[in-house]
Amino acid sequence: MATLLSYKTLRGENEAEFIINKSRFIGRGCPCQTEEEALAFLARVRQQHKEATHNCYAYIIGLNSGIMRYSDDGEPGGTAGMPIIEVMKARGVVNCAVVVTRYFGGVLLGAGGLVRAYAQGSKTALDAAGVVVMEKSVRHMVEVDYSTWQRLEYFLRSAPALIEGTEFGASVVCTLMVRKRDEGTLLAEITRVTDGRAETLPDGELYYPWPEKSAQNGE
């Protein structure tokens, strides 16, 4: 069975809000590894907003989206939970939950208005929490002498890697994070740029949260 190289989820728990026809909507997203974590997140939001008119939600658990649940929480059927989860599915996120809280402002939105409002709430939640691409990545330690460091540093500014840290001692040692799919090319380029003077040492594989935009652009 092929190893999964990447999946989308949320960076952390966060929220943002907006007003539509005097109703206050709060979209909150949270990464969740299990259904129990998703339900615990929902319970926390419900407790925080127990005076709200509705706390509608959706969650998708499992890298294959094996568990998908949603609720209209008292809104007309199909106008809240479904729009929330459809936005999540369109964005391709898994292992996360979204709650859209509504404080009714006295103006009815109609079915179409509710669908648009809860879809906006879902998008607001995902943007606030931050969609990231968890990609199979490798950490590398790269050591060079001071005379070579300037060339390497210049190259790394535009390379498909992140510098996690740099230590300046008898030599320069930088810690790089690189996607598994870019590893071979990056190491070959480091060898070329440094004329073979760089020593590299892999320091473990892991799923690392890369920004969604950089993954789309191949950066």
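Me: In this predicted model, does Arg28 count as buried or exposed?
Reply: The model is predicted, so the answer rests on computed values. Buried means under 20% relative accessible area. Arg28 has 17% relative accessibility, and therefore it counts as buried.

Me: With which residue does Glu13 form a salt bridge?
Reply: Glu13 lies in the loop between E1 and strand E2 (14-20). At 30% relative accessibility, Glu13 counts as partly exposed. In its salt bridge the closest N and O atoms are 2.8 Å apart, and the partner is Arg28.

Me: How many residues apart in sequence are the parts that Glu13 and Arg28 tie together?
Reply: Glu13 belongs to the loop between E1 and strand E2, whereas Arg28 belongs to strand E3 (residues 23-31). The pair therefore ties together parts whose separation in sequence is 15 residues.

Me: Which residues are linked with Glu13 in a network of salt bridges?
Reply: The structure holds 19 salt bridges. Side chains of opposite charge can pair when their charged atoms come close. Linked with Glu13 in a network are Glu15, Arg28 and Arg44.

Me: Does Glu135 count as buried or exposed?
Reply: Glu135 meets Arg181 in a salt bridge, at 3.1 Å from N to O. Glu135 is in strand E7, while Arg181 is in the loop between strand E9 (172-179) and helix H5 (183-193), 46 residues apart. Arg181, at 46% relative accessibility, counts as partly exposed. Glu135 has a relative accessible area of 5%, so the term for Glu135 is buried.

Me: What is the relative accessibility of Asp195, which forms a salt bridge with Arg151?
Reply: The closest N and O atoms of Arg151 and Asp195 are 3.0 Å apart. Arg151 lies in helix H4 (residues 146-156) and Asp195 in the loop between H5 and strand E10 (199-211), so the pair ties together parts 44 residues apart in sequence. Arg151 counts as partly exposed, at 34% relative accessibility. Asp195 counts as exposed, with a value of 54%.

Key. Residues numbered from 1 in each chain as written. Predicted model: local features only at pLDDT ≥ 70, side-chain atom pairs only at ≥ 80, totals over all residues. Heavy atoms only, no water. Salt bridge = Lys/Arg side-chain N within 4 Å of Asp/Glu carboxyl O. Helix = DSSP H or I, 4+ residues; strand = E, 2+ residues; numbered from the N terminus. Buried < 20%, exposed > 50% of the residue type's maximum accessible area, 1.4 Å probe, protein only.
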